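Good morning, and thank you for coming.

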Amino acid sequence: MERIETEAPAREEIGAGYAGRIFRQIQRVIDDTGGQAGTLIRVLQQAQGLIGYLPPPVLKTISRDLKIPLSELYGIVSFYHFFTMVPKGRHVIQICLGTSCYVKGGQRLLDTLKKDSGLEPEGITPDGKFSLETVRCLGCCGLSPVMAIGDDVHRKVKPGEIKDILSPYE
Ligand code: FES
C-alpha cells in the first residue's frame, strides 16, 4: 500500500495510486458539501470513513479547502472521541491506567503487552490486528486492573493471562 505523503498535495499534484485516489475521494466529499465550514463534522466523518483515521495530510487538505485553521481542526478531532489521527487495529485493546487500575497493576499489563507484542500506546501491530490505547477508567474500578478488547471487558487481569485473553481475537 502506498504511504500518504506528509504534506497535503495541491489539487494539481494529486497523482495516480492509493494516496491520489484517497485525496480525490476526500476532495469529492468536500465538493459535495459545497465547501461550507458548517459541514465540517460531516466532512471529517466521511474522510475518516475512507481510510479509518485522519492523518495530518488529510487534515491539511480539509483545512485548506474549507478555509478552517489547522489548529481548529486538531482541536475538534481531539475533542470528539470518535475521531482518531492514528490507525486503529481490527481489535482495539484498552488498558486502564486510572488510579485504581494503576495501583493494582495496570502499568504491568502495559509493560507485558509491550514486551510480548511490541505494542506501545497509540500503536498498532504490523498485521493491523491489534492497536493499543490507554484509558483513565472503564467503570469497574472494584475489579482492577481492567483491560478491554473492543466491547469485551476483562477484569482482575494478571500479566500472565494476557496471551490467553488475546488468543480468541487472533
Ligand atoms: S480505574 Fe480502571 S476501571 Fe476505573
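Let me begin with a definition: two strands are said to pair if DSSP finds at least two bridges between them. Helices (H or I, at least four residues) and strands (E, at least two residues) are themselves DSSP runs, numbered from the N terminus. Please note that this is a predicted model, in which local features need pLDDT of at least 70 and side-chain atom pairs count only at pLDDT 80 or more, while totals for chains, interfaces and linings use all residues. Residues are numbered from 1 along each chain as its sequence is written.

First, the layout. The protein chain contains seven helices and four strands. Read from the N terminus, the order of elements is α-α-α-α-β-α-α-β-β-β-α. Of the 170 residues in the protein chain, 21% are buried. A residue counts as buried if 20 or more other C-beta atoms lie within 10 Å of its own, as exposed if 12 or fewer do, and as partly exposed in between, with C-beta atoms placed from the backbone.

Now to the sheet. Strands of a sheet pair through backbone hydrogen bonds, either parallel or antiparallel. Here, S1 and S2 run parallel and are joined by six bridges. Within this pairing, histidine 91 is opposite phenylalanine 130 in S2, and valine 92 is opposite serine 131 in S2. S1 and S3, by contrast, run antiparallel, with three bridges between them. Glutamine 94 has alanine 148 in S3 as its bridge partner. Taken together, four strands make an open sheet of mixed pairing, in the order S2-S1-S3-S4. S2 and strand S4 (152–154) are the edge strands, each pairing on one side only. Aspartate 152 belongs to strand S4. Is aspartate 152 buried or exposed? Aspartate 152 is exposed, since 11 other C-beta atoms lie within 10 Å.

Two residues are in contact if their C-beta atoms, placed from the backbone, lie within 7 Å.

Which residues of H6 are buried? They are Gly106, Leu109, Leu110, Thr112 and Leu113. Viewed down the axis of H6, these buried residues fall within an arc of 160°, so they line one face of the helix. The arc is that of the directions from the helix axis to the C-beta atoms. An α-helix has 3.6 residues a turn, so residues three or four places apart point the same way. The cover over the buried residues of H6 includes strand S1 (91–96), helix H5 (99–103), strand S2 (130–135), strand S3 (147–149) and helix H7 (162–166). Just after H6 comes glycine 118, with a positive phi of about 75°.

Let me turn to the cores. A nonpolar core is a set of buried Ala, Val, Leu, Ile, Met, Phe, Trp, Tyr and Cys residues joined through C-beta atoms within 7 Å. The largest such core has 15 residues, and those touching the most other members are Ile95, Cys96, Leu109, Leu113, Val146 and Met147. At least two residues of this core come from each of S1, H6 and S2. A second, separate core has twelve residues, among them Val43, Leu44, Ala47 and Leu73.

Glycine 52 follows H2 and has a positive phi, near 90°.

Lysine 60 is located in helix H3 (residues 56–66). Lysine 60 is partly exposed, because 16 other C-beta atoms lie within 10 Å. Lysine 60 and leucine 70 are ten residues apart in sequence, and their C-alpha atoms are 6.5 Å apart in space. Thank you for your attention.
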